Amino acid sequence: MTLWLLGTQLDRAGDYLDDHDRVLLIEASAFADRRPYHPHKLTLVFAAMRQFRDDLRERGLTVDYRQVERFGDGLDAHFDAHPGDELTVPRPAAHGAASRLRELVADRGGTLSFVRNPTFLLTPSEFDEWAACRTTNDPDTYRLEGFYRWMRRETGVLMDGEEPAGGEWNFDEENRETPPEGWEPPEPPRFEPDETTREVASWVDTAFDTFVDADEAAPFRWPVTREAALSALETFVDARFAEFGAYQDAMVEGEWAMSHSLLSASINLGLLRPMEVIERAERAYEAGEAPINSVEGFVRQLLGWREFVRHVYRRSMPGMADANQLDQTAELPPAYWTGDTDMTCLSEAVGHVREHGYAHHIERLMVLANFALVYGAEPGELNEWFHEGFVDAFHWVTTPNVVGMGSFATDALSSKPYASSGSYVNRMSDYCSSCPYAVSRDTGEGACPFNSLYWTFLREHEERLRGTGRMGLMYSHVDDKDAAEWDALEERAARVRELARQGEL
Ligand SMILES: Cc1cc2nc3c(=O)[nH]c(=O)nc-3n(C[C@H](O)[C@H](O)[C@H](O)COP(=O)(O)OP(=O)(O)OC[C@H]3O[C@@H](n4cnc5c(N)ncnc54)[C@H](O)[C@@H]3O)c2cc1C
Ligand code: SF4
């Protein structure tokens, strides 16, 4: 009997580890040949697997580590050594993966069964129980708030008996501040790569075509072991958690990490369990190390959003990956790869991705996805771009976030698009002050590109959007514009598109 763990299931606390004769890990490299992933993402995934192998062996477990091109090759080798073996694997999150794996195993004369995936809090049937109890007019749409409150009550996290800790379910009003001038967040930890990780990094550098060349990226810094991930969690709680809430939506030039935790990759790979991170956050609140707005804001992301998107994705696939309710078809502008643009906001956000394989949530949503949305980019291409560029990106998490939230290609997750003009960026960042474009102007040469794209986007999709929740105010501004203003907006938007296509925006 063999426990098969995938590269995103590196959870050594699993109580199933000791119930099996051996652990199988298959390091298949063909996926990395198919797309230009960020070198840090490839280094992270392969190094974390190898470190995990060594860690399990040190604990006395038998580990079969197969380095192959394709999964099937790894299974061939496994069944040559253990004919007819019974395999168990935690249920994978990617759509269709469970049936693909089962087929691969059955073709080789083995059997495969699934156990609870410890990298998520809920099993599919637990989420489905919540979904079945909702009162909704449309069973294919899901809204976070009800789910989140249900999760708080079910788990007792941040609850005072029946009431939410601090007296409110959310503290969003306190979480939209921008830091004072001169504010600098503490530098996030950098985990110096050891020999195993350095070896992987240089193999990645020579073996694959990547999102950026290794020497264009910053030095690799991500935790690849559980010890390092735990240390990253502690450093976050000690140094940045207190300010996380207030500056959650803020952006500051030159600050790629702000006060975010940078823990998503560790959690998505199984190095940290979501509940242990949530419990650490709760303890910080109880010990007075972080205020309620930070703690609730953080818990909402992990107990709420992460579980929510994982299961809405599961229930909305396969349609979600190809959804495109606004019929957007434009190719992404080259600036998404080069970072070469005068727009400070876009150049900062793409620069962070190129350097670190990471940009924080508000840059992902309100700069990278928002620009692609108002520009008219095809949601599937944007999803691929996120998938390739980010260290924490996997199909189950990019698809709902990029196709659902960012592109509004389906209304499964939200009732309105996260579309905004430059005024949002201006309110939440200092980017506009150094930008050669004028955020105050909508039209003419030098006007902020976001503005004309935003207004023409609203007009183009009026039929679909005017009646949707909370868009009334925006459409009252649309109604106020006269024909001459629309002509100038259309002209500026066309010019912006042309410059973007030529890589000259
Ligand atoms: C367009 C877009 C693309 C995204 N792509 C990814 C992705 O590829 N991988 C990924 O893990 N997250 C993704 N997210 C969600 C979120 O932006 C990241 O989880 C977060 O920025 C990671 O940084 P952090 O660990 O510093 O997060 P923090 O801001 O410190 O948040 C804490 C944790 O909450 C979880 N979380 C927060 N929001 C979400 C969410 N919407 N979905 C899932 N988990 C969430 C993450 O585990 C994160 O570590 C995306 C969001 C958007 C809008
Ligand atoms: S002016 Fe427009 S393009 Fe420049 S940083 Fe502000 S929002 Fe971005």
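Visitor: What makes arginine 354 and glutamate 216 a salt bridge?

Guide: The term requires a side-chain nitrogen of Lys or Arg within 4 Å of a carboxyl oxygen of Asp or Glu. For arginine 354 and glutamate 216 the closest N and O atoms are 3.1 Å apart, so the pair meets the definition. The two residues are 138 apart, arginine 354 lying in helix α14 (residues 344-356) and glutamate 216 in the loop between α7 (195-207) and α8 (226-244); helices here are DSSP runs of H or I with at least four residues, strands runs of E with at least two, numbered from the N terminus.

Visitor: On what basis do such values rest?

Guide: The model is predicted, and local features need pLDDT of at least 70, side-chain atom pairs pLDDT 80 or more, while totals for chains, interfaces and linings use all residues. Side-chain values use heavy atoms, without hydrogens and water, residues are numbered from 1 along each chain as its sequence is written, and chains are lettered from A and ligands numbered from 1 in the order in which they are written.

Visitor: Why is arginine 354 called buried?

Guide: Buried means under 20% relative accessible area, exposed over 50%, and partly exposed in between (1.4 Å probe, protein chains only). Arginine 354 has 16% and is therefore buried, whereas glutamate 216, at 40%, counts as partly exposed.

Visitor: What makes arginine 280 and glutamate 234 a salt bridge?

Guide: Their side chains meet at 2.8 Å, N to O. Arginine 280 lies in helix α10 (residues 274-286) and glutamate 234 in helix α8, so the pair ties together parts 46 residues apart in sequence. Arginine 280 is buried at 9%, and glutamate 234 is partly exposed at 32%.

Visitor: Which salt bridge joins arginine 22 to another residue?

Guide: Arginine 22 pairs with aspartate 85, the closest N and O atoms being 3.4 Å apart. Arginine 22 is in strand β2 (residues 22-28) and aspartate 85 in the loop between α3 (71-81) and β4 (86-90), so the pair ties together parts 63 residues apart in sequence. Both residues are buried.

Visitor: How many salt bridges does the structure hold?

Guide: There are 30. Glu145, Arg149, Glu296 and Arg300 are linked in a network of them.

Visitor: How many salt bridges are found across the interface of domain 2 and domain 3?

Guide: The rule finds zero there. The domain bounds, from an automatic or database assignment, are 124-188 + 240-316 for domain 2 and 335-501 for domain 3.
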